[in-house]
Amino acid sequence: MAIQQDEKKPGLWARLNDNDIAYSFFHSPIAMAAAFVTALIVLSSFGAPLIAPFDPFDPAQISLWDGKKPPAWEVGGDPAYLLGTDNQGRDMLSTILYGGRISLLVGFASVFLGMFLGVALGVISGYVGGWFETLIMRLADIQLTIPGILTAILINGILRSVLPPELRDEMAIYVVILAIGLSDWPQFARVARGATLVEARKEYIQAARVIGLRPALVMARHIVPNVMRPVLVLATIGLALAIISEATLSFLGQGVPPTTPSLGTLIRVGNEYLFSGLWWITFFPAIALVVLVLAVNLLGDWLRDTLNPKLR
Amino acid sequence: MSLLEFKNMTVEFPTRRGVFTAVQDVSLSVDPGEILGVVGESGAGKSTIGNAVIGLLEPPGRLAGGEIYLKGSRIDNLDEDALRAIRGKRIGMIFQDPLTSLDPLQTVEQQLMETIQLHLKQSDEEARASAVSLLDRVGIPDPAIRIKQYPHQFSGGMRQRVVIALALCADPEVIIADEPTTALDVSIQAQILELMRELCRERSVGMILITHDMGVIADVTDRVAVMYRSRLVEEGPTEKILGDPDHDYTKSLISAVPRPDVRLARFPVVEYIESAGDRRDSIDVATHWLGAGQTESGGETMLRVEDLHVRFLTKFSFLKKNRIYLDAVDRVSFDIRQGEVFGLVGESGSGKSTIARAIAGLYKPAGGHIHFAGADLTEVRTESEMDRYRRQMQMIFQDPFSSLNPRMKVLDIVAEPIRFHGLASGGAETRQIVMDLLEHVGLGAEAARKYPHEFSGGQRQRISIARALATRPRFLICDEPTSALDVSIQAQILNLLKDLQAELGLTMLFISHDLPVIRQMCDRVGVMRHGKLLEVAETETLFESPQHEYSRHLLDLMPRLEVLSHELIAGLEMAD
């Protein structure tokens, strides 16, 4: 009694058109534009070693003589440096591409960390209930009363003071990821717990329990896949926030060091030269940051509207 | 001239996958004082008719053709303002769920007076007086006091009475009632139907009563229209349609309704409606996988429940003595013999589902014992020991739309118990067993590759049954397995359960609020009310000579496909 494999599979386009999410995507110009911009930034950032004209991390390619050059179209610009150079003579375009890579890396990694923690704690508290739920949810409430960026700064500060000085720069990026991720989890935990309370009452969960599945397996196999919809929406919007958080931390000098600059670090460095007329050092990274965050946010909004038709 | 008439009504819902015609070319009319029943299964378009008449089609629905006349004047081409003046004033509405039909933030008085004053020019005094007399008329005790209360302070039946009062407030000429009693228990349903009929006669209001329940149709309607796949297949006087239907669909629909008066070996199979199913090979237990490992015998009694007590915490306090509990199951004892189908019947809140869940281990009893296959389940301490009993005991749930994980393929859903209990020696054998099980529940092996949302309610219930069988159980708990299904599908599923029970020698605990279904399925029955087991008897004995007063009451209220004598019901005090 083998499965009949001769049933004709519909083509890719037909299947996409049949899928409600794909249909909504291809009929939303904003979503498509946002996805295109996000993809462009992600690809060019991660492909930076291939497409960037210079390697800003290679001291051999940097010359202080070339520092503070304006963009190529301005008076005194050098065609080799399309968007000009910063105070140390690094090519702005290359630095932004490499910096975007760090911003995105921190964004993705910290959202993933926050999501993992939040979903795990939220699903367990929703399913198990009792004192564990009370404890976790009160903790989340307390953390939500403090602005996320303050929590991140606090965690960041503690972690840095614990690290030996020689490791600080090297570990800075992981510290930032940890700080933002830890400041992020309460929102995920709340959403996941709410969805878990709804799902746990459904009969397929009871069926799984009647079969004999242990709570860990019920949660992992049955509840988590069914609470991921709202969580993913939150994660997309959270990605934009995490990128901003990283930029804020770096702008405040608490983030990644200037030797491996992220977009936030670049904006901070440029800020010092803004009133000397060297506007490009801060302007181009800021534009890159705004475009990236806007595109990700628009994608998140579209995803939310599509997955939660009640909000429309 | 008829009161309300529509000619050649067609309702369409344009979607991106093409235009869906929900109602096609339907012509009907209602006279003053008449109740017209519109009956059909889910998706037949019966509710759409009601919504179309009052201009409340859900977007993107539209009236694509036909004319609607109210007392001879055309209303389907009126604009929204003119329609609003008709809605509520000349055409009243009663919907299925009394909870969502009332505003929870306003007292009943505010809602009634607002509606009265909106449509009739009355002073506050007059409006209040008419509101009180309306509540009195719909049978709410102490109307002058209760009118000050909020909807949540009324029980389900009382709330539906308030909704009826609300529909009557503006003295409408026509009332459209969409499944008005579906959310109510049988005893309350009978009272509400009786009330609706009286009111129609007394005020010569025409009523369109939309329902899926043949019993309701038989009870109160004068004429019936039968809908099938968005078309009107038959229309005529109720006695004629129920007693001597012309159309094949009507015939099969009536034959599928479980009979309360006599027990049949099998339900008549309704080929007209869904051809799937019932083409299955019977299982030979001696050679089949499902029969393997069934050597152990638990003796004469499969399950013995002793003084079972389940309670729920309704108000928490840190002090133990201040905690308030609700006794959902109050010291119930019964036993189920090997190979028997034991029924539990009762109204909602009687505790029958709670018993099932306590037996299945979903609730922890506060007291009492559950002996299953020779062991006391309340004494079992380790999970691995419990697994032995879990394997032998499975459960089929009520709601086919929530009992399957929407993110898992049918193959994985049915294979889960096999994998968990290690009942197959590898992936290939597991697949083989799953396909075989799907064949046996009448679905076909290709179902394994699909997701639950690709199936109808009845098909999903078959998947649930396959999953329950996958542990090779000896004892099956069926908790209202067909109450969410259409009557034709119900007949198929019940037949399937009967066949499987006979072939596999299963013992069953069958829970239902539906007495005719109980009569067709069960060998012995227990009657429950308020957490207590009132009577246990052989099914035939119970139906022929019920001993307990409440059992007699339930049997009296059972809707029959012959017109009931209503003196009995009217004489009962409104215990609600």
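Buried means under 20% relative accessible area, exposed over 50% and partly exposed in between, with a 1.4 Å probe and protein chains only. Helices (H or I, at least four residues) and strands (E, at least two) are DSSP runs, numbered from the N terminus. The model is predicted: local features need pLDDT of at least 70 and side-chain atom pairs count only at pLDDT 80 or more, while totals for chains, interfaces and linings use all residues. Residues are numbered from 1 along each chain as its sequence is written, chains are lettered from A and ligands numbered from 1 in the order in which they are written, and side-chain values use heavy atoms, with hydrogens and water left out.

**View 1. Helix α12 of chain B.**
Helix α12 (residues 352–359) of chain B is largely enclosed by the rest of the structure, because 7 of its 8 residues are buried. The buried residues are K352(B), T354(B), I355(B), A356(B), R357(B), A358(B) and I359(B). Just after α12(B), G361(B) has a positive phi of about 90°.

E347(B) lies in the loop between β13 (341–345) and α12 of chain B. E347(B) counts as buried because its relative accessibility is 12%. Leaving aside residues up to four places away in sequence, E347(B) is in contact (heavy atoms within 4.5 Å) with D185(B), V186(B), S187(B), K352(B), M528(B), Y550(B) and L554(B). L554(B) is 207 residues from E347(B) in sequence, yet the two C-alpha atoms are 9.0 Å apart. The side chains of E347(B) and Y550(B) make a polar contact at 2.7 Å. A polar contact is a pair of N or O atoms within 3.5 Å; within protein, one must be able to donate a hydrogen and the other to accept it, and residues adjacent in sequence count only if both atoms are side-chain atoms.

**View 2. The contact between the domains of chain B.**
Chain B is assigned domain 1 (29–55 + 75–255) and domain 2 (300–545), with bounds that come from an automatic or database domain assignment. The contact takes 6 residues from domain 1 of chain B and 5 residues from domain 2 of chain B. Over C-alpha atoms, the centres of the two domains of chain B are 36 Å apart. About 560 Å² is buried between these domains of chain B, 36% of it on carbon and sulfur atoms; buried area is the accessible area (1.4 Å probe) that two parts lose on being put together, summed over both. On the side of domain 1 of chain B that touches domain 2 of chain B there are 2 nonpolar, 2 polar and 2 charged residues. Here Ala, Val, Leu, Ile, Met, Phe, Trp, Tyr, Cys and Pro count as nonpolar, Asp, Glu, Lys and Arg as charged, and the others, Gly among them, as polar. Between domain 1 and domain 2 of chain B there are 2 residue pairs in polar contact (both at pLDDT 80 or more) and 0 salt bridges. A salt bridge is a side-chain nitrogen of Lys or Arg within 4 Å of a carboxyl oxygen of Asp or Glu.

**View 3. The interface of chain B and chain A.**
Chain B gives 34 residues and chain A gives 26 residues to the contact. The two chains bury about 2,700 Å² between them, and carbon and sulfur atoms give 53% of this area. In chain B, R16(B), E416(B) and R449(B) lose the most area to chain A, together 22% of what that side buries. Across the interface there are 4 salt bridges and 13 residue pairs in polar contact (both at pLDDT 80 or more). The side of chain B that touches chain A has 11 nonpolar, 9 polar and 14 charged residues.

**View 5**
D387(B) forms a salt bridge with R214(A), with 2.7 Å between the closest N and O atoms. The elements that give two or more residues to the side of chain B that touches chain A are α13 (383–392), β16 (393–396), α14 (410–421) and α15 (427–440) of chain B. Of these, α15(B) gives the most, with 5 residues. Within α13(B), M386(B), D387(B), Y389(B), R390(B), R391(B) and Q392(B) are buried. The buried residues of α13(B) pack against α9 (203–211) of chain A, and in chain B against β14 (367–372), β15 (375–376), β16, α14 and β17 (475–479).

**View 4. Two positive phi values in chain B.**
Most residues other than glycine have a negative phi. D142(B), in the loop between α5 (124–137) and α6 (143–146) of chain B, has a positive phi near 50°. At 51% relative accessibility, D142(B) counts as exposed. Phi of R331(B) is also positive, near 50°, and R331(B) is in strand β12 (residues 324–337) of chain B. R331(B) counts as exposed, at 52% relative accessibility.
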